[in-house]
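Let us walk through this model one feature at a time.

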Amino acid sequence: MPDIDAITLLKNDHKAVEKLFKRFEKAGGGAAKTKRKIVDDIIRELSIHAEIEEQMFYPAVRAAEVPDAKDMVLESLEEHGVAKWLLSELDGMDPEAERFDAKVTVLIEAIRHHIEEEEGEMFPAVRKVLKRKALTELGGSMDRAKGIVPTHPHPRSPDTPPGNIAGGLASAAIDRARDAGREALERAKKAVP
Ligand SMILES: [Fe+2]
Ligand SMILES: [Fe+2]
């Protein structure tokens with residue numbers, strides 16, 4: 001597959017999570033199992049997305065000396081931090097718990113605001129400074145990293161290089177083993193007559 005422009009890749013991710021948000025909102029009052037599944041997908045998508053932004057995109061934005069880069073990146077990291085706490089609380093939470101829907105609603109509001117700022121302010125500023133070739137190379141690396149970064153939130157882990165890269169490798173191995181275990185359990189449950 002040809003390398004993808006970094007900003008296009010991130011926008012595609014944003015669209016994918018927005019689709020999941022809409023599905024959750026449409027699921028309504030009951031539908032606990034469906035909502036649990038949608039939230040599992042949201043956790044996975046947002047965890048991977050936040051990692052590639054924190055490990056690769058935000059450092060590139062700062063290094064390229066985009067105007068106001070430092071403030072935009074620092075605010076983004078704080079917003080990721082808040083989102084990760086919500087995601088970690090939702091990870092494994094009973095979808096029938098009284099607080100479940102409210103937590104997801106607050107998460108969705110926070111992420112929509114964050115996406116609006118990235119797409120409205122950060123990305124256009126980056127486009128003005130970074131050449132297409134640089135963005136395509138970066139996008140290719142980010143795309144490949146998607147297969148190896150953590151799949152669950154780690155709100156206490158470092159969120160800037162080099163700490164997040166080193167820590168991310170260990171967390172990713174644990175997360176991915178955990179995902180494989182869960183999938184095996186689901187398959188085993190389905191196999192029971
Ligand atoms: Fe972000
Ligand atoms: Fe983003």
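Glutamate 65 counts as exposed, because it has 9 C-beta neighbours inside 10 Å. The cut-offs: a residue is buried if 20 or more other C-beta atoms lie within 10 Å of its own, exposed if 12 or fewer, and partly exposed in between, with C-beta atoms placed from the backbone. Glutamate 65 sits in the loop between H2 and helix H3 (69-90). Helices (H or I, at least four residues) and strands (E, at least two) are DSSP runs, numbered from the N terminus.

This is a predicted model, in which local features need pLDDT of at least 70, side-chain atom pairs count only at pLDDT 80 or more, and totals for chains, interfaces and linings use all residues. Residues are numbered from 1 along each chain as its sequence is written, while chains are lettered from A and ligands numbered from 1 in the order in which they are written. The chain averages a pLDDT (the predictor's confidence in each residue, from 0 to 100) of 92, and 98% of the residues score at least 70.

Most residues other than glycine have a negative phi, and most peptide bonds are trans. Glutamate 65 is not a glycine, yet its phi is positive, about 55°. Aspartate 68 also has a positive phi, near 65°. Aspartate 68 lies in the loop between H2 and H3. It counts as exposed, because it has 11 C-beta neighbours inside 10 Å. A cis peptide bond joins proline 161 and proline 162, with omega about 0°. Proline 162 belongs to the loop between H5 and H6.

Now H2 itself. A kink of about 45° is centred on glutamate 54; the bend at a residue is the angle between axes fitted to the seven residues ending there and the seven starting there. Histidine 49 lies in this helix (residues 32-63). Histidine 49 is buried, because 22 other C-beta atoms lie within 10 Å.

Last, a helix pair. The axes of H1 and helix H5 (residues 132-145) come within 7 Å and cross at roughly 45°. H1 and H5 are therefore oblique to each other: angles under 35 degrees count as roughly parallel, over 145 as roughly antiparallel, 65 to 115 as roughly perpendicular and the rest as oblique. Axes are lines fitted to C-alpha atoms, for helices over the stretch in contact, and angles run from 0 to 180 degrees between N-to-C directions.
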